[in-house]
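This report is intended for a reader who is meeting the structure for the first time. Please keep the sequence and the model in view while reading.

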Amino acid sequence: MAEKITVDVDRSEIPRHVAIIMDGNGRWANARGLHRTQGHARGEPALFDVVHGALELGVEWLTVYTFSTENWNRDEFEVSFLMQFNVDLLERRRDELDDLGVRVLFMGDVDDDRVPQELRDRIRDTEELTASNTTMTMVFAFNYGGRAEIVEAVRRIAVDLSLGASRVESVDEATIQSYLYLPDMPEPDLVIRTGGELRTSNFLLWEAAYSEYVFTSVLWPDFDRNELARCIAEYQDRNRRFGGAVDESFTEPPG
Ligand code: IPE
Ligand code: IPE
Ligand code: MG
């Protein structure tokens with residue numbers, strides 16, 4: 001893996017928030033005659049090369065999808081591997097993240113009974129250790145589902161309405177935003193999905209309403225900071241309109 005980014009990217013137009021669906025670990029492993037879990041293990045150096053790349057480019061928020069609410073449907077061996085892998089990864093890497101000035105946050109249902117207590121403890125330790133860091137915020141979307149996040153927000157809004165805290169008419173987009181897992185997280189400018197699939201798989205459904213998507217067939221263990229820079233360069237060629245229109249012809253309306 002490269003020490004520095006060599007891909008040509010405009011460093012004055014870096015997206016503030018990059019979110020990544022890290023997909024393709026199982027296929028990477030299977031193609032080498034390895035077990036799927038060995039692909040997850042090889043995803044770790046890729047992730048940390050991307051962290052260094054994001055820091056080099058000045059990305060302020062980096063969100064990574066590490067386990068979806070649907071990933072519980074995988075076989076027990078893989079699920080328990082992933083739980084332990086997350087424990088080990090936080091133990092191995094939290095000091096490095098702290099030294100780099102990275103604040104770590106988790107989004108998702110971390111208190112789900114199926115999440116081992118040891119992992120819940122490591123999540124809390126890591127969040128606490130890094131809470132005052134300001135160089136970059138790294139969000140682990142873990143036991144995360146966009147639909148579950150919206151259901152949870154709606155439930156809590158309903159409770160507050162039933163307690164008379166506010167009126168139904170006052171519920172608007174800003175209200176829903178304020179009940180999401182991380183209300184202060186800026187919306188992702190760019191969502192990258194590796195591994196070649198062209199779908200969201202329940203990632204950031206509310207937050208990514210106007211994000212640019214870049215899909216790459218590179219499998220996650222082969223991804224690195226230069227691949228990140230390539231995706232950002234593709235993003236920089238896009239024209240974000242947010243529902244507006246760009247008329248470059250300067251003609252008068254007909255009639
Ligand atoms: C993504 O890689 C990692 C997780 C979902 C935890 P996959 O495990 O989905 O890899 P593929 O898509 O089967 O290759
Ligand atoms: C999305 O990948 C979830 C994560 C990367 C954590 P999946 O491999 O679970 O998604 P599908 O099954 O291809 O939609
Ligand atoms: Mg997958």
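## Basis of the model

The model is predicted; local features need pLDDT of at least 70, side-chain atom pairs count only at pLDDT 80 or more, and totals for chains, interfaces and linings use all residues. Residues are numbered from 1 along each chain as its sequence is written, chains are lettered from A and ligands numbered from 1 in the order in which they are written, and side-chain values use heavy atoms, with hydrogens and water left out.

## Helices α2 and α3

Helix α3 spans residues 76-99; its axis lies 11 Å from that of α2, and the two helices pack at an angle of about 25°. α2 is therefore roughly parallel to α3 (angles under 35 degrees count as roughly parallel, over 145 as roughly antiparallel, 65 to 115 as roughly perpendicular and the rest as oblique). Helices are DSSP runs of H or I with at least four residues, numbered from the N terminus. Axes are lines fitted to C-alpha atoms over the stretch in contact, and angles run from 0 to 180 degrees between N-to-C directions.

Contact means heavy atoms within 4.5 Å. On the α2 side, the contact residues include Arg36, Phe48 and His52, and on the α3 side they include Phe77, Phe81 and Leu97. By class, this contact of α2 with α3 has ten nonpolar, three polar and six charged residues.

## Helices α2 and α7

The axis of α2 (residues 36-57) also comes within 8 Å of the axis of α7 (residues 225-236), and the two cross at roughly 50°. The two helices are therefore oblique to each other. From α7, the contact uses Arg225, Leu228 and Ile232, while the residues of α2 include Asp49, His52 and Leu57.

## Surroundings of the ligands

Ligand 1 has 13 residues around it, with Asp23, Gly26, Arg27, Arg36 and Arg74 coming nearest (a residue is near if one of its heavy atoms lies within 4 Å). Polar contacts are pairs of N or O atoms within 3.5 Å. Oxygen atoms of ligand 1 lie 2.8 Å from a polar side-chain atom of Arg36 and 2.7 Å from one of Arg74. A backbone N or O atom of Asn25 is 3.1 Å from an oxygen atom of ligand 1.

Among the residues around ligand 2 are Asp23, Tyr65, Arg74, Arg193 and Arg199. For oxygen atoms of ligand 2, the distance to a side-chain N or O atom is 3.2 Å at Arg74 and 3.4 Å at Arg193. A polar side-chain atom of Arg199 is 2.8 Å from an oxygen atom of ligand 2.

Note on methods:
A polar contact is a pair of N or O atoms within 3.5 Å; within protein, one must be able to donate a hydrogen and the other to accept it, and residues adjacent in sequence count only if both atoms are side-chain atoms. Ala, Val, Leu, Ile, Met, Phe, Trp, Tyr, Cys and Pro count as nonpolar, Asp, Glu, Lys and Arg as charged, and the others, Gly among them, as polar.
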